[in-house]
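Me: I have a structure to go through with you. Shall we take it by question and answer?

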Amino acid sequence: MQDLPLCGFLLACLTLGIGSAAAAPAGSSADNPALAVRSAETRQDRGTEAPEEFRAAWVATVANIDWPSKPGLATRRQKEELLDLLDDAQEIGLNALIFQIRPHADALYPSELEPWSPYLSGTMGEAPRPAWDPLALAIEEAHARGIELHVWLNPYRAGHPDYEGGYPENHVSKTMPDAVHKLGDSGMWWIDPSHPGAKAHTLAVIEDVLTRYDVDGLHLDDYFYPYPSYLKGFPGGQFPDEKNHAAYRKRGGELSRDDWRRDQVNTLVREISELVGRVKPDARFGISPFGLPREGSVPFIRGFDQYEKLYADVALWLREGWVDYLAPQLYWPIEKPEQSFTELLRWWHANNPKGKDVYAGLYTSRLLGDEPGYRDTEIPLQVRWSRLLTPEGLQPGHIHFSMTALQQNPRGLVEKLRPLYDEPARKD
């Protein structure tokens with residue numbers, strides 16, 4: 001590639017902070033225009049000056065990754081931990097959190113549609129005692145700190161290996177047993193994307209949340225059809241939807257099984273987009289897919305093909321404008337040529353004809369371990385590159401996976417980020 005990510009001059013400029021201003025800590029929504037950026041019209045009103053960046057972290061509740069620290073804590077302690085997390089986010093300088101409220105067809109809020117999540121009480125379906133509403137508190141306290149709260153739902157996962165307890169009668173595995181499959185020895189349970197009743201149920205859950213809560217956004221991650229590693233033990237490593245596809249063909253459908261699967265996922269994404277626009281138009285719809293586009297899309301880039309394996313046509317969703325923002329999970333170091341952070345981010349921006357915001361998903365949690373490839377300066381450099389590569393008029397941004405990594409501050413990460421979060425980030 002002619003324009004290598006780490007050419008000496010630009011690396012020196014980035015390391016020394018030349019050519020890129022830093023970004024501001026979160027303030028109130030009145031002080032922080034990033035909290036008001038909702039549409040292309042808003043961006044046009046700001047002229048050619050890029051708005052303040054979207055600085056976010058995922059808050060994963062599945063397996064108690066980020067919050068609460070373990071199941072079964074007293075309500076008082078759960079609230080304390082949530083408020084501590086929000087305080088830390090504000091102190092670090094974040095202005096948004098992506099809060100997981102539906103890890104696997106369960107709810108971290110009072111719901112008449114799905115059971116309470118086991119990551120609160122330890123048992124799915126059991127309400128926290130004394131009763132409280134974690135989502136309502138998270139929204140209220142995030143907004144009080146000038147932080148956006150986007151709710152993160154998993155549309156297809158119905159069970160996780162971390163939870164080995166029973167499933168209550170109002171769980172989708174009991175209400176629609178023909179729509180849910182246990183994926184061999186992986187411990188995962190998966191909702192069939194081709195089951196019309198399950199899709200309608202997911203849309204009802206989303207509408208319920210959007211109607212009842214003052215959320216700033218709705219967010220999906222990279223789980224569409226399951227990863228092949230979850231399908232060991234099935235014939236040909238295939239998700240067991242052959243009966244539904246055969247019924248579709250019998251009705252006159254002409255799509256191959258692969259294209260039919262992609263159509264199932266495309267339909268859900270489009271309908272969620274329409275639902276958000278109809279029910280809560282001031283909220284934004286975002287997706288954080290696996291970071292690689294189709295094999296062969298980017299020269300020299302190699303790796304997992306989500307189009308072929310997860311049946312996720314992410315480029316289509318961006319082209320059609322079904323998302324308000326896309327946050328591809330760019331979980332590789334800058335210096336890795338076959339999954340170059342900079343070349344991939346460049347590609348996602350270049351294939352964005354409707355000018356949607358593209359934020360870099362950062363693998364910040366990798367600094368917690370001993371995996372090779374991530375230097376102490378990797379995440380700050382990726383933050384700078386995400387600013388430099390954002391086209392004029394769009395909001396630069398990035399999302400850390402996950403909040404725990406920032407709270408534990410591995411290798412002095414927060415101190416390295418602080419200069420980048422001191423003043424509003426602008427494109428030069």
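Me: Which residues do ring pairs link into a cluster?
Reply: This is a predicted model. A search of the whole structure finds 25 aromatic pairs. Ring pairs join some residues into a cluster: Trp 190, Tyr 223, Tyr 227, Tyr 230, Phe 290, Phe 304 and Trp 332.

Me: Are the planes of Trp 67 and Phe 99 stacked, edge-to-face or tilted?
Reply: Stacked needs planes under 30 degrees apart, and edge-to-face needs over 60. The ring centres of Trp 67 and Phe 99 are 6.0 Å apart, and their planes meet at 50°, so the pair is tilted.

Me: How many residues apart are Trp 67 and Phe 99?
Reply: Trp 67 sits in the loop between β1 (54-59) and α3 (75-92). Phe 99 belongs to strand β2 (residues 96-102). The pair links distant parts of the chain, 32 residues apart.

Me: Are Trp 67 and Phe 99 buried or exposed?
Reply: The cut-off for buried is under 20% relative accessible area. Trp 67 and Phe 99 are both buried.

Me: Which strands are at the edge of the open sheet of three strands?
Reply: The strand order is β4-β6-β5, with antiparallel pairing. An edge strand here pairs on one side only. The edge strands are β4 (157-159) and β5 (180-182).

Me: Which residue in β6 stands opposite Arg 157?
Reply: β4 pairs with strand β6 (residues 189-191) over two bridges, in the antiparallel sense. Opposite Arg 157 stands Trp 190.

Me: How far is Arg 294 from the ring centre of Tyr 307?
Reply: Arg 294 lies over the face of Tyr 307. Its distance from the ring centre is 3.7 Å.

Definitions and conventions
Residues numbered from 1 in each chain as written. Predicted model: local features only at pLDDT ≥ 70, side-chain atom pairs only at ≥ 80, totals over all residues. Heavy atoms only, no water. Phe/Tyr/Trp six-rings, centres within 6.5 Å; stacked < 30°, edge-to-face > 60°. Helix = DSSP H or I, 4+ residues; strand = E, 2+ residues; numbered from the N terminus. Buried < 20%, exposed > 50% of the residue type's maximum accessible area, 1.4 Å probe, protein only. Lys NZ or Arg CZ within 6 Å of the ring centre and 35° of its normal. Pairing = 2+ DSSP bridges.
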